[in-house]
Amino acid sequence: MTITPTRESELLASVPTGLLINGQWRDASDGGTFDVLDPATGQKLATLASATSEDAMAALDAADAVQKTWALTAPRERAEILRRAFDLVTARAEDFALLMSLEMGKPLPEARGEVTYGAEFLRWFSEETVRDYGRYLTTPEGKNKMIVQTKPVGPCLLITPWNFPLAMATRKVAPAIAAGCTMVLKPAKLTPLTSQLFAATMMEAGLPAGVLNVVSSQSASKISGPLMQDDRLRKVSFTGSTAVGKMLMKDAADKVLRTSMELGGNAPFLVFEDADLDAAVEGAMAAKMRNMGEACTAANRFLVHESVAKEFTTKFAAAMGELKTGRGTEPDSTVGPIIDAGARDDIHALVTQAIEAGATVVTGGAPIEGPGYFYAPTVLSNVANDAEILRQEIFGPVAPVTTFRDEAHAIELANASEYGLASYIYTTDHNRLFRVAEQIEFGLVGFNAGVISNAAAPFGGVKQSGLGREGGAEGLAEYTTTQYIGIADP
Ligand code: NAD
């Protein structure tokens with residue numbers, strides 16, 4: 001389908017521009033606004049109300065006011081709201097996909113994939129809502145009985161990043177609803193439009209006023225600061241950079257807030273000498289280039305056995321060279337723009353440093369001139385094992401390739417990171433898979449698979465990649481607290 005300017009402007013005009021507080025869309029208390037830009041052109045897409053601290057408190061007032069009644073709604077009722085939301089988001093898949101492509105830059109086919117993935121959290125948690133089991137048992141001494149039950153944590157602050165505007169919101173909102181929590185959602189200021197449309201969809205699905213409040217804002221700390229000092233807030237769930245996550249964890253200490261932290265990653269992509277190299281290249285393309293490399297799960301360190309490194313690199317670079325950069329709405333575009341000029345400069349600085357330290361550019365290696373913030377898909381070989389590009393999250397379409405001698409060396413290099421989110425292993429030896437998985441310190445392992453995110457799976461990291469899990473049964477547990485009742489011998 002060709003996307004016309006009229007289709008874009010009609011869709012943008014349908015997105016609410018206010019703050020959602022207690023079921024009403026309203027202006028910011030000081031009338032402030034901020035603009036949302038198209039990263040492919042730098043042009044303005046929309047102007048939204050910019051929440052103040054006062055608005056954030058109004059949102060928490062609304063969430064707190066309905067928390068008790070919301071917690072007591074029948075699980076089936078909450079399940080049906082989520083299921084209706086799944087149906088509505090799915091019916092509007094093209095709108096959500098186009099909106100994400102416009103504000104974030106990802107190619108439309110990828111944006112459609114995110115709608116499928118993001119909507120699945122609504123369906124998965126609608127099914128989990130009625131399966132929040134407790135326990136009833138006899139104490140080990142045999143006399144008394146124990147009941148263990150779960151309760152919703154209470155009002156939550158949900159903070160999302162710009163890179164997956166729909167999925168990062170549904171991955172938090174759906175389990176919070178399933179558990180019976182109320183929420184204040186603060187989307188990233190670079191890509192808030194999807195959350196605005198999603199919130200409108202949730203209201204249409206029958207979510208009662210006050211359960212989900214949305215405070216898009218130019219200033220994140222004006223929202224999180226006062227809310228995290230308020231005794232009524234019980235949890236903060238954050239997805240974003242490790243640096244901001246650490247600050248929020250310090251703030252959370254004051255009120256001993258529950259936290260879920262989905263932070264940065266620096267995924268190793270291990271290719272062993274017995275791997276199917278064509279499958280490894282296909283997986284590498286998916287693990288590196290999904291979202292233009294702007295993903296916490298993006299493969300950032302290609303660690304290849306020295307005997308197959310040359311062949312792998314040649315095939316990988318050929319596939320990267322065939323990609324077509326362009327605005328996400330263009331039919332043949334496979335790589336969209338980087339989110340903004342600063343992010344593109346950061347990527348190029350890492351590439352430049354690596355080249356200065358001896359890396360070879362196999363393909364790409366430079367920004368693309370013109371409007372928008374495009375960067376050429378890049379493969380670097382001969383990257384030194386201590387190069388900065390292997391230490392930091394690249395967050396762009398750049399693949400540094402380095403080599404290892406044997407399995408022990410591969411594991412040592414893979415673990416040489418402060419992060420521990422995603423990892424990928426390509427080998428045809430299943431015994432090796434289990435040996436390596438046992439020893440690498442990562443929350444997620446893709447076995448001959450470049451994309452493994454799934455609503456039914458517990459997603460999350462170890463080390464400085466964060467705390468807690470999203471998705472799966474573990475994702476619901478993040479929003480519940482445990483109560484134990486001891487019953488005397490009758
Ligand atoms: P970011 O940390 O800059 O921002 C994330 C969110 O935090 C945004 O909503 C932002 O407005 C808000 N924020 C920024 N400063 C804040 C402050 N001082 N107080 C409160 N909130 C603040 O991250 P980003 O650039 O939006 O996203 C990219 C990062 O997110 C990468 O590091 C990526 O790895 C990570 N990420 C992690 C996961 C995961 O599941 N582990 C998923 C996606 C992205």
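The model is predicted, and local features here need pLDDT of at least 70, side-chain atom pairs count only at pLDDT 80 or more, and totals for chains, interfaces and linings use all residues. Residues are numbered from 1 along each chain as its sequence is written.

Let's start with strand β10, residues 235–239. Helices (H or I, at least four residues) and strands (E, at least two) are DSSP runs, numbered from the N terminus. Is β10 mostly covered or mostly open? It is mostly covered, with five of its five residues buried. Here "buried" means that 20 or more other C-beta atoms lie within 10 Å of the residue's own, while 12 or fewer makes it exposed and anything in between partly exposed, with C-beta atoms placed from the backbone. In a regular strand, side chains alternate between the two faces of the sheet. Both faces of β10 are covered: K235, S237 and T239 sit on one side, V236 and F238 on the other.

| Partner strand | Direction | Bridges to β10 |
|---|---|---|
| β7 (156–159) | parallel | four |
| β11 (258–262) | parallel | five |

In β11, F238 has M261 as its bridge partner. To get from β10 to β11, the chain passes through helix α9 (residues 242–254) in a right-handed β-α-β crossover. That label means that, with the strands pointing away from the viewer, the path from the first strand over the helix to the second runs clockwise.

Now zoom out. The chain splits into domain 1 (5–263 + 465–482) and domain 2 (267–447), with bounds from an automatic or database domain assignment. Their centres, taken over C-alpha atoms, are 31 Å apart. The contact involves 16 residues from domain 1 and 22 residues from domain 2; residues are in contact if their C-beta atoms, placed from the backbone, lie within 7 Å. On the domain 1 side, α4 (93–104) and α5 (108–128) give two or more residues each, and α5 gives the most, with three.

Finally, the ligand. Which residues come nearest to it? Of the 27 around it, they are P161, A220, G240, E262 and C296. A residue counts as near if its C-beta atom, placed from the backbone, lies within 6 Å. Both α8 (220–228) and α9 supply at least two residues of this shell, and each domain gives at least three.

Terms used: Pairing = 2+ DSSP bridges. Contact = placed C-beta atoms within 7 Å.
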